[in-house]
Amino acid sequence: MAITAFPTVDKCASIGRERDTVVADLDGTLLRGRNSFAYLALIAFEAGGILRLLFLVLTAPIAGLLYYFVSESAGIQVLIFATFAGLRICDIESIARAVLPKFYSSDLHPESWRVFSSCRKRCVLTANPRIMVEAFLKDFLGADLVLGTEIGTYKGRATGFVKNPGVLIGKNKADSLKKAFGDEHPEIGLGDRQTDIPFMTLCKEGYIVPPKPDVKAVTHDKLPKALVFHDGRLVQKPTPLLAVLTILWIPIGFPLACLRIAAGSLLPMSMVYYALWALGVRVTVKGNPPPPVKSSSGRSGVLFICSHRTLLDPIFLSTALGRPIPAVTYSVSRLSEIISPIKTVRLSRDRATDASMIKKLLQQGDLAICPEGTTCREPFPLRFSALLAELTDELVVPVAMENRMSMFRGTTAGGWKGIDLFYFFMNPSPACEVTFLKKLPAELTCKSGKKDKFRALAGNDGTVVEKPRIKADKVLGC
């Protein structure tokens, strides 16, 4: 049977499917892209570094020849071995959970998702290793069952070899479907290529997803789960061309990053703006930055409240102002502290201790702080600490930070934070936009407005009083 014998997915009705079961392929079906090289490259780079990515790129032509002229299974096995051999299983799972969903969710096919999301039970059959796709499919697409290629392990590391029955394509997909569903026949089968026919014929209805490169992906607001946090160093999905460009750029980008960091660390802050501009780093200043408070005035310094995008936010703030602004931090690596051109002070996370320290710093001059406590790459503000706006009766100036990176991200949750700034400055032309907003009115500070709001709505000032503990010998209900 030819794949063209099946109707296209746009002919599939999605209304009244609340009791139906759908089985779908991944690459080229649920996703617009028809191959998984970019996602394998993400795992190779994030877990194995640039040398592992280079190894994958060098083996890709061999895999392509095997895929098209020998068998699809042989080509896929070469890519799997080049990507996974020797990697720790915990690293692979972490990347699948924190890195890949950002890229997978940006490539979701609208017609396939319309049908897939309308069904009660959702199953995915894929030639990809199950370990790399299961987290995204279950957490973000609501899949109930994920059947994929299983890779071998030894002492907590992947061997790179494929377990029986082999790569899940063709007859292996059909056999896995029979094993999972028994005599039950799913209502809908979605596929995109000839090797999907065996499992599609086991379904009551079969539909193909024709290749349409120009179709627009599903927007993030239509996903069942919002994508707020994600990790990983690469900004763009590493297609073969981008992967090669990344490998070629790193030997140039790293010395350039060291030069940029040296300029920011060694030159006077009044000259850093011009030095960075000459080295390809763009710092744009918007709004009206407040002048420094004179020590003779007896007033406390300005408290700059910055949105948190990267470790470099306080440094770019100082660059925009032309003077060093000390910053309080929750956690920063020792290397970052050593090479930082501004004074950094660690918070203890004890409210009374931190309040006393911050007030003392404000008496000495201006101060910068990122109250969210952690970076967020998406345009979502995180929860602020209520302590901050109570610390000064004078100037509280919000500052919006926006960073633009084309190749590498300057933040990480799973990697070593000490090299965050190196990755940021390794971008060909990184940029930061610093926007000074208006001084925060007193009625909007935690010292005044926030407590008034709680008193009006809840009858208290928002303070949570700890309940008395039950004695150890007291049995609940007796």
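# Reading contacts and helix packing in a predicted model

User: Which residues does V9 touch, not counting residues up to four places away in sequence?

Analyst: V9 touches E111, S112, R114, V115, L190, Y207, I208 and V209 when residues up to four places away in sequence are set aside. The model is predicted, and each value here is computed from it.

User: Where is V9 found, and is V9 buried or exposed?

Analyst: V9 lies in the segment before strand 1. The cut-off for buried is under 20% relative accessible area, and V9 has 2%, so V9 is buried.

User: How many helices and strands are in the chain?

Analyst: The chain has 16 helices and 14 strands. Of its 478 residues, 49% are buried. Among contacts with a separation of 6 or more, 73% are between residues 24 or more positions apart.

User: How is a pair of packed helices described?

Analyst: The description uses the angle between the two axes and the distance between them. Take helix 2 (residues 37-69) and helix 10 (residues 240-266): their axes come within 11 Å and cross at roughly 30°. Angles under 35 degrees count as roughly parallel, and helix 2 and helix 10 are therefore roughly parallel to each other. Helix 2 makes a right-handed crossing with helix 10. Helix 2 contributes F37, F45, I50, L53, L54 and V57 to the contact, and helix 10 contributes P240, A243, V244, I247 and I250. These residues divide into 11 nonpolar, no polar and no charged.

User: At what angle do the axes of helix 2 and helix 3 cross?

Analyst: The axes of helix 2 and helix 3 (residues 72-84) cross at roughly 155° and come within 7 Å. Angles over 145 degrees count as roughly antiparallel, and helix 2 and helix 3 are therefore roughly antiparallel to each other. The crossing of helix 2 with helix 3 is right-handed. Residues of helix 2 in this contact include L40, I43, A44 and R52, and those of helix 3 include E72, A74, G75 and I76. The contact divides into 15 nonpolar, three polar and two charged residues.

User: Is E433 buried or exposed, and with which side chain does its side chain make a polar contact?

Analyst: E433 sits in strand 14 (residues 431-436). With a relative accessible area of 14%, E433 is buried. Its side chain makes a polar contact with the side chain of K286 at 3.4 Å. Leaving aside neighbours within four places in sequence, E433 is in contact with T284, K286, A400, M401, E402 and R404.

User: Where is the place of D420, and which residues does D420 touch?

Analyst: D420 is in helix 15 (residues 420-425). Residues up to four places away in sequence aside, D420 touches R233, G410, T411 and T412. The side chains of D420 and R233 make a polar contact (2.9 Å). D420 has a relative accessible area of 6% and is buried.

Terms used:
Residues numbered from 1 in each chain as written. Predicted model: local features only at pLDDT ≥ 70, side-chain atom pairs only at ≥ 80, totals over all residues. Heavy atoms only, no water. Axes fitted to C-alpha atoms, helices over the stretch in contact; angles between N-to-C directions. Helix = DSSP H or I, 4+ residues; strand = E, 2+ residues; numbered from the N terminus. Parallel < 35°, antiparallel > 145°, perpendicular 65-115°, else oblique. Left-handed = near helix turned anticlockwise from the far one by under 90°. Contact = heavy atoms within 4.5 Å. Nonpolar A, V, L, I, M, F, W, Y, C, P; charged D, E, K, R; others polar. Buried < 20%, exposed > 50% of the residue type's maximum accessible area, 1.4 Å probe, protein only. Polar contact = N/O pair within 3.5 Å; in protein donor to acceptor, adjacent residues only side chain to side chain.
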